[in-house]
Amino acid sequence: MSLKPKSDRKPTGQASKPKASWRSPAGRPESAGKLWSKPGAKEAFVVSRGLKLFISLTLLVGLTLFFILFNLRGDAKPTVLVFPITEYAYPWSPNAWATQDAAFLESVGKASQKFTTIIAENRQDQSWNDWLKSHLSKSNFVAGGPGSAIIFPQYQSIAVYISGHVDIDYTGSPCLLFPQNASSIQSSNEEGAWYGVEPIPLLEVLKTLSEGMDSRKKNWWSREKHKKLIVLDIGKQVPRLQMGAPSSALHDSIDKVVKSLSDPNLAVIVSHGPNERAWTLPERGGSNFGLHFANGLSGAANERSGAGSDRITLKELVRYLEIKVDQSAKSQLGVSQNPICFYGGTNEKSFEIAFAGSASSKKPPSTRISLSLDRSEQIDHAWNEFAQWRRSMVSLDPWIVSEVSNRLANLESLLVAGPSYTDQLNSELEAINQILRGVEPVVWPALVDGQTRVMELEKVYESIENEIREKVIAWLDEKPLADGKPL
C-alpha cells in the first residue's frame with residue numbers, strides 16, 4: 001500500500017523519467033564538465049601539451065647554442081702589446097718614464113675591464129726581430145673589441161705600443177733605434193751604423209708588427225681582417241747633427257712608409273708633430289702622451305666626443321689626444337705637442353677599438369717622482385768641481401773637456417727620467433767624479449771611439465785628397481791645347 005497521497009501519484013500510462021546519474025553527462029551542468037569527458041577533448045589536450053613541450057625544448061636548445069657560440073667568439077677585450085725600450089746609454093737621451101707609462105696603461109686596463117695590456121720583457125741578447133716576434137706570437141696576444149656589431153663583430157681590433165727613439169738615417173729613411181746588445185754589436189762597424197744603437201728601418205719594423213698582428217687567430221664570424229693600431233711614442237731624444245738630417249723631415253718619411261704598406265686596416269699614431277718633442281711630466285710620474293693615451297683608451301675619449309655610444313673609435317681617440325696632449329703641454333710646459341695619425345690606406349677610415357670604460361678608470365697614476373736631494377746636490381757639486389778642474393789644468397784635451405761637459409748635462413736628464421735610470425745615474429756620476437779626481441782607469445768607450453773615428457776620418461780625407469790630386473795631374477798632362485801641345 002502506497003503512503004503517498006493520490007495527488008502525487010504519476011498518471012497511469014506515462015513512462016517514468018530515469019534518474020540522472022553522476023556517471024552520465026546529463027547528470028551535471030555543461031559548465032561543470034571535465035575537459036577529458038568532452039568529445040575529442042582528450043586528443044586536444046595531448047596535442048597542446050606536446051606543442052608546449054616542443055616550444056620549450058626548442059627555446060632551451062636555442063639559448064644553449066647561443067650561449068656556447070657567444071662564449072666561443074673569443075675575448076671581447078682587445079690587447080695592447082707594449083714594448084718599452086729603455087736600455088739607451090750616453091750619448092743617447094734616456095727614454096724617460098717609458099716603464100711607468102706601460103705600468104699605468106696596464107693598471108687602467110685592469111680598472112676599466114675594457115682592454116688588456118701585455119708588457120714585453122727585457123730584450124736581453126735577442127735580436128730586434130726575434131724580440132718582437134716572440135711577443136707577437138704569445139697566446140694571450142689576442143684581438144677583440146666591438147667590431148661594429150652588437151653580438152658578433154664584423155672585425156676585431158688589436159694594438160701595439162712602442163716607446164723608443166726614432167729618427168731618419170743618412171738615406172732619409174726613418175729608423176727605430178734599438179740599443180746595441182750582444183746580437184747587434186758585430187754590426188756596429190758597418191756603413192751607416194751609429195754608436196750605441198742599431199738603426200732598423202721603420203718599414204721593416206712595421207712589416208714585422210703588421211704580419212704578427214694579422215697572424216693572430218681570426219674568429220669564424222669576422223668577415224674582415226683585423227684592424228691594427230700601432231702607437232709610436234717617440235721624440236724624447238734630442239735631435240743631433242750626426243743623425244744625418246733635420247728631424248722636421250721625420251713625419252713626412254713616416255707617412256711615406258705607412259702608405260707604402262698599402263694596408264687599409266693599419267693606422268699609426270705618432271706622439272708629437274713636426275718640429276716638436278714628446279714631453280714628460282715627472283710630477284705625474286709619466287709622459288704627457290702616455291698618460292693621456294691610457295686615459296683616452298679607458299673611456300675618456302668617448303666621453304670627450306659626446307657621441308653617447310659605449311664604443312671608442314680611432315677618430316675619437318685621435319681627436320682626444322690632439323686636444324688633451326697639446327692642452328697639457330701648453331698649460332704645464334708652455335710648449336706645443338700635437339700627436340698625428342697616419343693611415344695605411346688611401347682613405348682615413350676609422351674603426352672601433354674597444355668598449356668604453358667608466359670614468360672611475362681615469363684615476364691618476366700612483367707613481368710619483370721623488371727627486372733625490374742628495375743626487376741633485378751631487379750633480380751641482382760635480383759642475384763646480386768641473387769648473388775648478390778646467391782652471392787648474394795647464395793643458396786639457398778638448399775632446400775630454402767636451403765629453404765631461406756633455407755627460408754632466410746628461411746627468412740632469414737622468415735625474416728626472418724615472419726610476420728605470422737610477423743605476424745609470426749612479427754609475428755616470430761616479431765615473432765623472434773619478435775623472436775630476438784624476439783617476440786614470442776610467443775611460444769611456446765613447447771617448448776612445450770618438451778619437452779613433454776622428455783619426456780614421458783624417459786618414460780617409462788625406463787619401464781622398466791624394467787620389468784627387470793624382471787624377472787632376474794626369475788629366476792635365478793628357479789634355480791637349482788648341483795648338484796640339486799638352487798643357
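Are H9 and H10 roughly parallel or roughly antiparallel to each other? I noted before starting that this is a predicted model.

**Helix pair.** I looked up H9 (residues 398-415) and H10 (residues 422-436) and read a packing angle of about 155 degrees. Their axes lie 10 Å apart. Angles over 145 degrees count as roughly antiparallel, so H9 and H10 are roughly antiparallel to each other. I logged their crossing as left-handed.

Next I listed the contacts. From H9, the residues are Val404, Arg407, Leu408, Leu411, Leu414 and Leu415. On the H10 side they meet Gln424, Leu425, Glu428, Leu429, Ile432, Ile435 and Leu436. Sorted by class, this contact holds 10 nonpolar, 1 polar and 2 charged residues.

I checked the length of H7 (residues 314-333). With 20 residues at 1.5 Å a residue, H7 should span 28 Å, and its end C-alpha atoms are 27 Å apart, which agrees. I then looked for buried positions in H7. Leu314, Leu317, Tyr320, Leu321 and Ile323 are among them. Glu316, Asp326 and Ser328 are also on the buried list. Just after H7, I found Gly334 with a positive phi of about 70 degrees.

**Loop residue.** Where is Asn265? I placed Asn265 in the loop between helix H5 (250-260) and strand S8 (266-270). Its relative accessibility is 12%, so Asn265 counts as buried. Leaving out residues up to four places away in sequence, Asn265 touches Lys225, His226, Lys227 and Lys228.

Note on methods
Residues numbered from 1 in each chain as written. Predicted model: local features only at pLDDT ≥ 70, side-chain atom pairs only at ≥ 80, totals over all residues. Heavy atoms only, no water. Axes fitted to C-alpha atoms, helices over the stretch in contact; angles between N-to-C directions. Helix = DSSP H or I, 4+ residues; strand = E, 2+ residues; numbered from the N terminus. Parallel < 35°, antiparallel > 145°, perpendicular 65-115°, else oblique. Left-handed = near helix turned anticlockwise from the far one by under 90°. Contact = heavy atoms within 4.5 Å. Nonpolar A, V, L, I, M, F, W, Y, C, P; charged D, E, K, R; others polar. Expected span 1.5 Å × (residues − 1). Buried < 20%, exposed > 50% of the residue type's maximum accessible area, 1.4 Å probe, protein only.
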